[in-house]
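The sequence and structure come before the details.

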Amino acid sequence: FPTRRSSDLLYCELDEGERAIYEGLRAATRAEVAAKLGAGGGVMAALEALLRLRQAACHPGLLPGREAESSAKVERLVDSLEDAAADGHKALVFSQWTALLDRVEPHLAKAGIRFTRLDGATADRAAVVAQFQDENGPPVMLLSLKAGGTGLNLTAADHVFLMDPWWNPAAESQAADRAHRIGQDKPVSVYRLVSKDTVEEGILALQERKRALAD
């Protein structure tokens, strides 16, 4: 049977520039969304605003018209992956946005961390999985939550990093289960990266309410 799985939150502090972008976006959308909701509409506007805030909490470069070399969350992730790889661990990194995975890749390359990737555009999933599962394969696999969340057995990994909290906690659990399968002989550590004082903390609270209802 699979070994035990632990879960931890890795909190990230937005730097001054990221915080200014986040708070500016929050202020600009709050009045607009409130006005539209007050007029009996605006549900789509509210969802769009939440999407942009979630993106800003991960990486400013995800926002339309903005560019940024890095983000507090990406830097925290790469630091954690360096430590894990140095200790001989293999790790899965999940995000719902392939654009965020795109922005992680150059930082892994700069740090000298070998990686492979699986998302909706991957043609030969079996070859990518076999490469990662090989003892001498890369220590990191980047996956989109949608493409990599089900149907894969990635027991070479004993670390799982979830870059962005999702509305549905079951989807996160399914992703983490790629490493936590029969055949896994090591404890699996799951880390959720969360930006402090952002909408992501609200999503975590919503997840807990959903889990309580499910229980």
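Does E200 count as buried or exposed? E200 counts as buried, at 1% relative accessibility, where buried means under 20% relative accessible area, exposed over 50% and partly exposed in between (1.4 Å probe, protein chains only). The model is predicted, so local features need pLDDT of at least 70 and side-chain atom pairs pLDDT 80 or more, while totals for chains, interfaces and linings use all residues. Residues are numbered from 1 along each chain as its sequence is written, and side-chain values use heavy atoms, without hydrogens and water.

Eight salt bridges are found in the whole structure, a salt bridge being a side-chain nitrogen of Lys or Arg within 4 Å of a carboxyl oxygen of Asp or Glu.

| Pair | N to O distance |
|---|---|
| E200 and K73 | 2.7 Å |
| R117 and D119 | 2.8 Å |
| E48 and R52 | 3.0 Å |

E200 forms a salt bridge with K73. This pair links distant parts of the chain, 127 residues apart: E200 is in helix α8 (residues 199-214) and K73 in helix α3 (residues 72-86). Helices are DSSP runs (H or I, at least four residues), numbered from the N terminus. K73 is also buried, at 1% relative accessibility.

R117 and D119 are both buried.

E48 and R52 sit four residues apart in helix α2 (residues 43-58), about one turn of the helix. E48 is partly exposed at 38% relative accessible area, and R52 is partly exposed at 21%.

Definitions and conventions:
Helix = DSSP H or I, 4+ residues; strand = E, 2+ residues; numbered from the N terminus.
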